[in-house]
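Please examine the sequence and the structure before reading the solutions.

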Amino acid sequence: MKKFFYSLCLFPMLWSCSGDDEIRNNPYLPDLNFSVRLDLSLPEYNNLNFPGNKYTTYNYGINGIVIYNLNNDQYMAFELTDPNHVIQDCSVLTVEGTEATCSCDDGNQYTIITGQQTSGEGQYFLKPYRVVRRGDVLEVSN
């Protein structure tokens with residue numbers, strides 16, 4: 001009898017939970033599987049050895065990725081495609097300083113530190129990628 005009572009109490013709680021999949025699953029950006037290793041001892045990636053610096057590449061992700069060194073322990077990596085409209089030629093983001101800007105006529109800008117939108121319209125943040133540092137190697141993956 002107790003099991004039945006607990007089941008009845010648990011059922012409404014499970015039913016009332018709603019996921020935030022609509023917010024997390026961006027309908028405009030597909031999920032790609034990739035992994036790239038950046039050896040920080042190489043001159044090309046030297047800037048990533050210092051907090052406040054970034055590295056941008058258009059060879060990975062959908063339209064490229066940007067990696068930002070927050071404090072030598074934390075690195076942020078984001079997709080360089082505007083997350084708030086369908087993929088098109090103008091949705092590739094360009095990075096200046098810590099701002100990523102879309103060249104479409106929507107005025108969308110994002111910070112590469114948190115991925116939040118700083119101007120324009122939309123409900124999605126920049127698509128984040130996982131970054132792990134092991135010694136002198138950064139591994140960025142989805």
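**Exercise 1: Confidence**

In this predicted model, pLDDT stays under 50 over residues 4-23, a stretch with two contacts beyond four places in sequence. Determine the mean pLDDT of the chain and what share of its residues reach 70 or more.

*Solution.* The chain has a mean pLDDT of 88. A value of 70 or more is reached by 83% of its residues. Where pLDDT is low, the predicted coordinates should not be read in detail.

**Exercise 2: The disulfide**

Identify which cysteines are joined by a disulfide, and state where they lie relative to the strands.

*Solution.* Step 1: a search of the whole structure finds one disulfide. Step 2: the partners are Cys90 and Cys104, with an S to S distance of 1.8 Å, which meets the cut-off of 2.5 Å. Step 3: Cys90 is located in the loop between β4 (75-79) and β5 (93-96), and Cys104 in the loop between β6 (99-102) and β7 (109-111), so the link ties together parts 14 residues apart in sequence. Step 4: the link of Cys90 and Cys104 is right-handed, with 90° about the S-S bond.

**Exercise 3: Accessibility and Cys102**

Definitions and conventions: Residues are numbered from 1 along each chain as its sequence is written. This is a predicted model: local features need pLDDT of at least 70, side-chain atom pairs count only at pLDDT 80 or more; totals for chains, interfaces and linings use all residues. Side-chain values use heavy atoms; hydrogens and water are left out. Helices (H or I, at least four residues) and strands (E, at least two) are DSSP runs, numbered from the N terminus. pLDDT is the predictor's confidence in each residue, from 0 to 100. Contact means heavy atoms within 4.5 Å.
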